[in-house]
Protein chains: 2
Amino acid sequence: MSEDLAKVIFQPSGRRGEVKKGITIIEASRLLGCDIEALCGEKKVCGKCIVRIEEGFYEKYGIESGQKHTTPWQEEEDKFINAEGKAKGLRLGCVAKVQGDLLIFVPEESRAGKQVVSKAARDIGITWNPAVRIYYVQVDPPTFEEPTGDFERVCRGLEREYGLTNLSVDIFALRQLPTALRDGDWSVTVSVWNNKEVIRFRPGKQENAYGVAIDVGTTTCAAYFCNLVTMEVFDTVSMMNPQCKYGEDVMARITFHMMHEDGLQRMSADILEGIQSLIDKAIEATYPPLKKVKKKKGDKDAPDEFVEAPEEGKKYLRLTRDDIEDITLGGNTAMHHILLSLDPQFVGMAPFPPVVHHSLDIKARDLNVTINPASYIFVLPNEAGFVGADNVGVLICEAPYKSDENQLIIDIGTNGELVLGNRHKLISSSCATGPALEGAQLSFGMRAAPGAIERIEIDPETHDVNYKVIGRDAWRKFSKPEEMKAKGICGSGILDVLAELYRAGVITKAGVFAKQQKSNRTRKNPDTNQPEFVLAWKEESSIEKDIVISQKDVRQIQLAKGALYAGCKLMCRRMGLANPDCVKIAGAFGAHVDREKALIMGLFPDCEIEKILSVGNAAGDGCRAALLNVQKRVEANWCSRNVEYIELTVEGDFQQQFMEAMQIPHMTDEFPHLEGLVAPEILHQMKDQRVPSDTHMK
Amino acid sequence: MSEDLAKVIFQPSGRRGEVKKGITIIEASRLLGCDIEALCGEKKVCGKCIVRIEEGFYEKYGIESGQKHTTPWQEEEDKFINAEGKAKGLRLGCVAKVQGDLLIFVPEESRAGKQVVSKAARDIGITWNPAVRIYYVQVDPPTFEEPTGDFERVCRGLEREYGLTNLSVDIFALRQLPTALRDGDWSVTVSVWNNKEVIRFRPGKQENAYGVAIDVGTTTCAAYFCNLVTMEVFDTVSMMNPQCKYGEDVMARITFHMMHEDGLQRMSADILEGIQSLIDKAIEATYPPLKKVKKKKGDKDAPDEFVEAPEEGKKYLRLTRDDIEDITLGGNTAMHHILLSLDPQFVGMAPFPPVVHHSLDIKARDLNVTINPASYIFVLPNEAGFVGADNVGVLICEAPYKSDENQLIIDIGTNGELVLGNRHKLISSSCATGPALEGAQLSFGMRAAPGAIERIEIDPETHDVNYKVIGRDAWRKFSKPEEMKAKGICGSGILDVLAELYRAGVITKAGVFAKQQKSNRTRKNPDTNQPEFVLAWKEESSIEKDIVISQKDVRQIQLAKGALYAGCKLMCRRMGLANPDCVKIAGAFGAHVDREKALIMGLFPDCEIEKILSVGNAAGDGCRAALLNVQKRVEANWCSRNVEYIELTVEGDFQQQFMEAMQIPHMTDEFPHLEGLVAPEILHQMKDQRVPSDTHMK
């Protein structure tokens, strides 16, 4: 990374990228497509743009430690942020400037525009059946006639009252028993794991127990804090995966392990410490903030005191680490292996066998995660080297194995993970989509937020561009340039732009910029020497730059869509299906995608439009389902061994299929469901444009 | 402890006591009844008295650390001990003098006289059925068609070859798998715990696995190192319980916990570190000693090298900590609780409930014991507060629950633990015998070794004493005084002396020295102002002192025998028995006791003489049985909950029974089996002497 650049990640949106040091946080947010409210137009007077700098993560993980990542506190900030807020890391986004890598949390009230939070907890139907349950028992005190030991005395109560038998006990829990039993006047609340093992004793009657479901992504991790008794999600906390510093993607991390003797250990320790910090952050938030109270008069030596300043009407749980009694955790196979210090190198080498498929119950203490000391972490099982526990999370959340329909489930992150099937058979695969479909890694990619180009038309004669941005109803040609305030292209725009570029002859069917161009919108980028097409001129943008799509961008999109479509198609063939009955799209992409455009562009095989569903962060939801319903853990293991993994790249005609799928647009007779959605003449035109494989493509 | 005194413990005999600083180790060994060979009569020329100073323990546990506990090395020692030996702590017993607390190991070749080692491994019949078994499997390497993960691949092999199913795996073991599998060219040796959990993977085919059975005594700990495949005991190592510094007995340790906030933690850490050092010592002994080799000529800077100097014909196992794959561990309830950091205070308070009865399977790593990282420590279950896992060890070793006979099992250490019953019913109890019956805590108590007075006759008219010492056939009255070389009184002598003192009228039936005495052998000790009786004059002794028995000694013996007999008697009554069919005596006392005298003195209820058996260190043997036969673990748990514990002190007439049992001698009609053993006139005489309870006894 250049020394002038800093990596900035905004939470909870997850928008990230590199920006020049010295710009304000608001400016960075614009560039990266994360909108922060700024009513006053950055005049430092409205105080709406308060953000929280999660700088701690950087210091903790030793990145440029000791160096300030933002410019110093300014007087203007005192008007809007008090001392407590300051201590918590709050800053004004229009004042604080980026000086180094930053993780920035944008509070709900500071978020502008419609928020598309991919990792927030979704309301999914879960049957209550947690692995950790609490039981209250009262027992008689021991006597000479009946001097039975504490544990057996309590066990007898648990059997009598709840029919629990053959319980074992963790030594760390057992150590709590004699005191708990006597403090509770011979009554205790017992936490039992899987009807099998006692993991906690608390004195007297306790009503609640808590757990965390953690979705460990390659880039971001999200933790859902749940009440195990009421199933309520009381907090959702997320962070950047601290391993990002070792490499952006899975292969980079595996390589880091292979190149450094202690690489695995370092990466594992980093993510586990990160998880601990997520837990601690959620726990801290269960207490009211502290208010500083001046020392009393006449007692000069007395220090200022901190007292609690609870918000009225707000309930504070006041939890400790010990109150977290269960954790479920899922991630892709590489993240799974690295977190558990399992050698990930073979996951990165054909035929990509994981060390283990089956779920694991590991004592949190064995991973140096400090919660209730006897508690377990349930690690979701892996399907295959490239279809990990995160996909199992999606599966147990969506449960296609309970469906008569043939469901195609697409989870697009850095890798695309595909599952196809029904109650009788399920197959899975992975394809290298890259993050292009989400807009990431494109020159001007951004999420679907105000200023994002979401629709595009390119005049085939003049190459003039007419477009629409989110947040403004009028298209470009009915607006003044300065009214557009375009910032970038979002997922749906990306699908449009490719089709239009081709239709207008800007690019060939193979995705290469045509030699003959009809306008000055096509030019060579002086830095990269690559052709690019200007979608919006500087004066139409709010970022003072031409918004372009480059040859590289086109290639990225082609590769992604080609891999995805070819993968889906080959899977359908394996299942003997022409098309799936239903397509479910998980992850952030699912939230952005325009279902029609996706069909038109041929992202995946044809399907009834109403049957294309976005299912949000299903991986995280699956972890939550496993936390609250132990049956989901059984299903997860069933899935991991009964979903047949297919390595698509070894299919004889994979290359052929992939090439064909990269064509633009890939309109075929195979999309009958488009007939009603697209004007007949367009459909006809698109069909005509169907081309054979272009073997000259580079 | 006075500053002039040092505590010395000899291993493996376990003899211990305080001696004056400045005496030689040989002198100390004589005083404490542990005989070291000294052919030359301590002239420092025979080199037979080599001992090993286990000083390390003291330094490790912070006792007078840095201070030398023996006098410095002398030139004479160089003749018999080389540099390696010196480095290992070897010294000549006739040269090195006691300067501080010492733990001294007397090697077999240096031991004189007949050795009564209570804690050496006994040849007991154990059925091979260990909890940890090893399995060798070969698997096919993964392919694209069959990319199953490593663990599931191996599991399939284990199921196919050995019928093992539903195996889980410890995360620490799983981390070994990918490398082991590839290093072994797709073959591994798998260690499986209880047919349930994989705890180790090693590449290729391995033939052996090892385990340790540990008997944690209040004073000494012994560890038996076993090959889990062949059942062979390849080493036995023992040490003083490092907690001794916190107090001699169980109650002192419980008190230490209650008086110090970190007391439990410190005591627990000490014993666990001690166990680690036992393990490390045994592991070190599996390598040949190192020999120093001079640096090569012409290369002055090269350091001296150490090379292995194996003994010819000796097999060295060359184990690492990881090669220890299983541990079983037993101790009394207080030792059990302290080791596991379970609050022991309630074990010391009526009605003495333990925290737990049931056995515990605890990962060694959770107790900071470093062996194979995924391995468990099996902790034997407790019967009751005063009848702990050590007694369960005795039970599973002797298995009275498989017997038709009514067995009375007596385990006498600091506490007496009693079990009575048969295959239909078993009851247990404890009685406060104290260690008097073993000769400990008596003025001149010692073990049954040369110089120990083992038979005594006192002339009722003159109070002259005729006696016999071990190692000399001729009695006192047929010998010159200087020929006797008496040192002290051993267990059998203790039983004699009490009867004779009473028969001669030296003491009353209540155990009080009579006011009228017939000789100058009865006198007041000027230091204690207590009466005492001289058994052997200074000129007859080898320790340059009169050997006496004091009023306090008599009281100690009375209390011990009274507690034991009353306990046995009350238990028989509970079982509806007049007498047991069989008496088994465990521990050091069992090895010393003269069965006839024990019966005559009424230590326990009448029994056929051939049915009185010494069963050695049955507690340790029980741990070993549990190590090698998992069925014994099941039996142990059965015992812990089905042996009914009876608190004798709450029996209505306990006090009455105890008082009666303290009478000397307690000869009654209840000992028909003595008829053939004792001359009729003596028996008649003893019966006549039967007396009612003496309520004046103080």
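Of the 698 residues of chain A, 60% count as buried, buried being under 20% relative accessible area, exposed over 50% and partly exposed in between, with a 1.4 Å probe and protein chains only. Before going on: this is a predicted model, where local features need pLDDT of at least 70 and side-chain atom pairs count only at pLDDT 80 or more, while totals for chains, interfaces and linings use all residues. Residues are numbered from 1 along each chain as its sequence is written, chains are lettered from A and ligands numbered from 1 in the order in which they are written, and side-chain values use heavy atoms, with hydrogens and water left out.

Chain A has 20 helices and 29 strands; these are DSSP runs numbered from the N terminus, helices being H or I with at least four residues and strands E with at least two. Among its contacts between residues at least 6 apart in sequence, 66% join residues at least 24 apart, a contact meaning heavy atoms within 4.5 Å. The accessible surface of chain A is about 28,200 Å², and carbon and sulfur atoms hold 48% of that; the areas come from the Shrake-Rupley method with a 1.4 Å probe, and for residues only the protein chains shown count as cover.

Now one helix. H13 of chain A, residues 491-503, reaches 19 Å from first C-alpha to last, close to the 18 Å expected at 1.5 Å a residue, where the expected span is 1.5 Å times one less than the number of residues. Because 12 of its 13 residues are buried, H13(A) is largely enclosed by the rest of the structure. Among the buried ones are A:Ile494, A:Leu498 and A:Tyr502. After H13(A) comes A:Gly505, with a positive phi near 80°.

In chain B, H13 also covers residues 491-503. There B:Glu500 and B:Arg503 form a salt bridge at 2.9 Å, N to O; the term means a side-chain nitrogen of Lys or Arg within 4 Å of a carboxyl oxygen of Asp or Glu. The two are 3 residues apart in the helix, so about one helical turn separates them. B:Glu500 is buried at 10% relative accessibility, whereas B:Arg503 is partly exposed at 34%.

Over all chains there are 65 salt bridges. A:Arg573 pairs with A:Asp653, closest N and O atoms 2.6 Å apart; A:Arg573 is in H14 (551-575) and A:Asp653 in the loop between strand E29 (643-645) and helix H19 (654-662), 80 residues apart. Both are partly exposed, A:Arg573 at 41% and A:Asp653 at 23%. A:Arg574 meets A:Glu651 at 2.7 Å, so H14 and the loop between E29 and H19 are tied together by a pair 77 residues apart in sequence. A:Arg574 is partly exposed at 41%, but A:Glu651 is buried at 14%.

Last, the interface. Chain B and chain A each put 40 residues into the contact. The area buried between them is about 3,400 Å², 68% of it from carbon and sulfur atoms; this is the accessible area (1.4 Å probe) that two parts lose on being put together, summed over both. Between the chains there are 2 salt bridges. A:Asp366 forms a salt bridge with B:Arg365, at 2.5 Å between the closest N and O atoms. On the side of chain B that touches chain A, helices H5 (150-162), H6 (171-174) and H7 (177-183) and strand E16 (360-363) each supply at least two residues. H7(B) gives the most, with 4 residues.
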